[in-house]
Structures are given as structure tokens and as C-alpha cells.
Amino acid sequence: MLKPVRLVLPLLALSVTSLAIADTHTTTDPRIGAVLTDLGKVRQIDSVALSPDGKHLVWAVDTNGKPGLVLADADGKNARSIGLATKPGACNETTPAWSPDSHHLAFLSNCDSTLNGVGGKQSDIYVLDMQGSAKPARLSHLSGYVNALSWSPDGKTLAFLYVEGATRRASALAAAKPMTGEIGVEGIEVQRVATLAVDGGNMQQVTPADSYVYEFSWAPDSQRIAYIAAPAPGDNNWWIAQLYVQPAQTGASRTTVVDPNTVGGSLHGLQIALPRWSPDGSHIAFIGGLMSDQGSTGGDIYSVSAQGGAPVNMTSGITVTPAWFTWSSPQSMLVDQVSSGKVQLAEYSVQGDHAQQQRVLYTIAGFTGDGSALLALSFSADYRYVAFDESSYEAAPEVHAGPVGSEAPPAVTSINASLKPSWGKAESVEWTNDGHHVQGWLIYPANYDPHKHYPMIVSVHGGPSAAQVPYWPQVGYTAVPFSTLGYFVFQTNPRGSYGEGEAFVQANRKDFGYGDLRDTLAGVDTVEKMVPVDDHRLGLTGWSYGGFMSMFAPTQTQRFRAVVAGAGIANWQSYYGQNLIDQWMIPFFGASVYDDPAVYAKSSAINFIKNVKTPTLIVVGERDAECPSPQSFEYWHALRALGVPTSLVVYPNEGHHFYNPVNQRDVLQRALNWFEKYLPPST
């Protein structure tokens, strides 16, 4: 459900929004402006794709928030812009996909609509002939949201996800549509798999019109597709999605391969993602686990016959979390996994229904990906070379590429080479609590002096099924910049997080705010034995599930002296009837609020609200579908009635993830000001 990421009472939200955003910051530390300016200099890398023959590399890099494509040799040399953009930042070009023979490169571009004055919102599919000199050829004339380009193995067809007539991004993190009309009936948008013959022809939508598709993959024979889908609306139903197989043709009948809602064993009631065909096309492997957001993937690797049957857990009992994988041969897989807050590429052998880790190729204290899925990597066809985008607390995003071996490949770009951290050093901290191995990341204050005592801000990630992995922050809500102003920052991975195995992820089922809070407080105790943290100057913050923890923790402990709660949840019972993604709650709470109200009540901050004494800044998007703004109103209203210092800011037209750069900057600036007021750093 909740993430790194909507409503009732819309009139009230609007009235408070206009007042809040109009309010000026009267006492802004000039260092805050400098921090925000530096974060705004980062050029994000949107996607990375290595050609199957391993000779060429393409990436999409932002200029003024708009990605443009760059083509280079595999070592990053001879880089040049491609596509239709007249200059960098003129329009969006992204999602590169190589043909299996490496002779053609497909991508998405909205440059024609931008340059022709149509508004620049509609992306279409273009193909660049690598053996010719002509400009890219336009293959489609679409009207809707398009994503996830994928060539069939025979190179004859492109498949993609498509929402015809879309009015918004296909994501629960995006701002929800206005709640008007007949709710749940009118205006439903459905994402389907569509295909387009590369040699010409019309687009065909091949999956059923009443089924919302989240992910898909081609079979080796180029005749079938496997996909994860559920009935619309898509924002809500991913948590009950099933695995299907069907011919890649319009009107074809499909086979239900896995239904986690009815299957027995360890997969029952969990979520599934990333279907991947075995090289011979006989089986489909996928990741199954307790997941809280579509796209934030983690769990065990399962296998099932492509004809259907009982799925088998191939990695039962492992103490890491696979997030992405690919078959590298009929008897092996390459798995990108989270291990105690770090990312590992590991080699697994496959024997029948069992996958066994053989060796870890390399470990990275940073975040990696190619833009197609969480921790996804781009390999050459022979799996000898790999490419991805990487960032960490020490290094801003760059493209990395090179041989697959015992060391991570080096950076082959210098897009952000001039940027240096303004925050302090980071180190991994590990401790044991309630029998669990727990890990977190401690960032030291900039210009750290071991003879001083410092305040510390504890940050809880969203999810809860996710993990805090090192990354270079950008403008928007993040805790790392607090270090620049003189704070320790402690980012924890308590139970419920990825990185310690599936049992650890499931350890906070029906226990939100209790075991994970104990883990976090035990981590704080560990840190205070290591470095000079002033226990009387502890702050707490988080977004989404972290926002819930920021609201709930002050009802259970008085250790935190200031809080910033982003997109939080104050009352699980009222939340159940307000949010647009209620399907996620059953796997975590075990029953609906109507069948077991007590399990929701015990984790609701509002039921313990009179214990709260902590000054709290509350921020939320007006059209947040995952953590609706009424939850923030409810918490703010209670604190105000109890005389606890509080402020509520509702950001207009924003969803669970903020896209407006003005709002991204404002929310971080307010948080920095709030902590500086109530937890002044050392001087």
C-alpha cells in the first residue's frame, strides 16, 4: 500500500490548502535554501538499456524535468542525443527497448505533440534503425497512457501497457481523479496489453477489456504472454491479482495459472509480481510475498507450470529479499536482492523446483535500477554484460556498465560528477531485538565534531513492505538533508521491511506500530551507545506508512520531541472506508474492519491521542488515494483540541507522490524549519 510514496471532505481540504500554501516562511535559515538549491541540481536518470549484443548503451536523462535519450558505445564513449527533441528539455523521450538483434531501438516520445503545440502530453512509439541514418520512424498514433515497451523474442511485434483515453498516470501514487459521478462505476480506466506489428498495421488490445494488467512478459515462442491482472479499478485490486497466460491475440481465451486467493501453501493470500518464462517456455517463475505497493516488489521466487497447477516456493527460508530476477540459462537465475539494507546481485542454480544461491557477485551500498522495475538490471543477451543507474549517499546518479563479475561495474557517465554531498558520512548499523536481526542507516551531521552532542531525526520508510537503501536525494520529502543542518539522521529497516527474508516482512502482520516501533527504539538505543546523540533532542518523521508511525509513536512513547508526519494514517477504522486501495489491508490485518474492528483499533493513533505531547507538522496531498487527507485532518484536529503545537498543510492537486516542483520544495522546506524550531541543532 503505502510508500518513498487520495478523498473525502474536498471543500474543507481546498479551503485549508489555499491558506496553508499562501503562508510565507518568516524565519527561514539561509542554509535551507542552499540545501534545496543543491538538491535541485541533480539530473535524474530515467532509464538505461544495454543492447543485446552488448555493444551499445542508451539512457534517458532529465533536463529541467524532461527526459531525453542518449546513445553511446557500451563503455559510455561517443555519446550523442537521439530522438526528435530539438534541444534537451524540449519534450519527453524515454523507455528505450532494444530489438532482439540489436538493429532497432524503440522508445516513447511526446515531441511531435509538444512541437506541434498540442500540449505535449501524448507519447507515441518510435523506432530508430541502428543501421541507417534516417531519423526515428513513428509507429503509432495513440490516445492514452503508454508504458513498458517490450519486443517479442522474434523481433516482429512490440507489446506495451496501454490505458486508452487515460486522464492520469496509471498508478495509485498519482493524484486521484475527482470523486464525482457514480463512484466505482463511471470513469474507470483500464490498463491492458496492446501489440503493434513492427512492419506496420494497427494497434491491437489483446487482453480483456474488464481486466487491469500490471505487468506482462513474452513467452519464448513469441506467441503467448503471461501477465498479472485483476478486475478494474487497477489502483485498488493489485493485492488480489492473478497470473494469466493467453495467446498474444485479440479475443483469445486465457488460462488462470495462479490465483493466490485460493491457492494453498505459503503463497495463499499474498501478492505476485514479475512473471518470467523459463527458457523452454514450460514454466513461469515469479516473485510472491507480502507486498504493500505494486512496483515495490519483494518476496520469495516461486515457479508454476505454464499450464497451471500448484506453485512451488523455490527459495523458502532464505534471509534476503529477491526484488528482481531473470533466467540466465535453463538451470540458473541472476537475482537482484536486498540484504540488510544493501543491494546484491546473486547467482542462483535451479534444479527442478528449487533455486539455491551459489554466490553473491557483488554488493552495493546504493540504489540500482534500469527504470523498468524495482532494482531491475539490463543485461546483454549472453548475460556477460550488465548496465544500470546507480546512486548512493556518496555519489549522485550515474550510468554504470561493464562485465558481470565479482565487482560492480564502474560509472561510464559523468552526468552529475560535479555534485558532492553536503551531508555527513553514512554507515550501516545492525542490532538484535525480540530475536530479530535489524538494520538501519546512520548519517552523521555535516562537519561532525565527536566532542559535541547532536539532535537526531529518526526516519521510518513507507510500505511497510519496502526497505531503506542508500540513495542520492532529490528535491522532495527526504530525511537525508537534515544532516546538512547539523542532525544525525537514522533511517531504520524494522520488521516488515525487505532485506531479512519473508518471515521478517510478515512479522508485523496484525501488529502495526508495536514490534516495528520496538525495533526502531532499540536501534536508537544502539546508536546512542555509538555516537553523541542528545536523547532529549530526538525527532521522528516518515511518509505513508512512515507517516502512520510518526502519528502513532508519540501515543506510545515520549522520547520524540518533534514530529513531521507525511501522508499519515491516524485512524485505521475510518481509513478503511476513506481510501481507494482497501484491498491491501486484508493481507496485513487478517480481516476487514467490519469483521475484526479490534485489530484496526489497537493500531489507531486516535484511540491513544491524549498521550501525545509532541509538536507535529502534518503534510498531505489533497488528492491522495493511498492515505487520504481526512486522516491528516483527523490527527491535526485532535492535536489542536488538546493544545499540542501543530500545523497542517494540504497541497493542491497532489496525490501520494508529489509531482509539482514548487510543492516538492515547499514540503521539505517546511519540515526543515519545523525541526530547526523544535529541535535546534548544535552550534
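The model is a predicted one: local features need pLDDT of at least 70, side-chain atom pairs count only at pLDDT 80 or more, and totals for chains, interfaces and linings use all residues. Residues are numbered from 1 along each chain as its sequence is written, and side-chain values use heavy atoms, with hydrogens and water left out.

I begin with the strands. Helices (H or I, at least four residues) and strands (E, at least two) are DSSP runs numbered from the N terminus, and two strands pair if DSSP finds at least two bridges between them. Strand β2, residues 56–63, has seven of its eight residues buried, where buried means under 20% relative accessible area, exposed over 50%, and partly exposed in between, with a 1.4 Å probe and protein chains only. Strand β1, residues 45–50, runs antiparallel to β2 and is joined to β2 by five bridges; Ser47 has Ala60 of β2 as its bridge partner. Five residues separate the two strands in this hairpin, and Gly54 takes a positive phi near 75 degrees. Towards strand β3, residues 66–73, β2 makes eight bridges, again antiparallel. That hairpin has two residues between its strands, with Asn64 in the turn at a positive phi of about 55 degrees.

I turn next to salt bridges (a side-chain nitrogen of Lys or Arg within 4 Å of a carboxyl oxygen of Asp or Glu). The whole structure contains 15 of them. In one, the closest N and O atoms of Asp124 and Arg138 are 2.7 Å apart. Because Asp124 lies in strand β7 and Arg138 in strand β8, this pair ties together parts 14 residues apart in sequence. Asp124 is buried, at 2% relative accessible area, whereas Arg138 is partly exposed at 35%.

Finally, the second largest pocket holds about 520 Å³ of space. A pocket here is an open set of points on a 1 Å grid over the protein atoms alone, where a 1.4 Å probe fits, with protein on both sides within 12 Å along at least five of seven lines; lining residues have an atom within 4 Å of a point. Of its 22 lining residues, Lys177, Met179, Ile188, Pro233 and Leu580 lie nearest the centre. Helix α4, residues 234–237, gives the most to the lining, with three residues.

Methods: Points joined across faces, edges and corners; volume = space filled by probe spheres on them.
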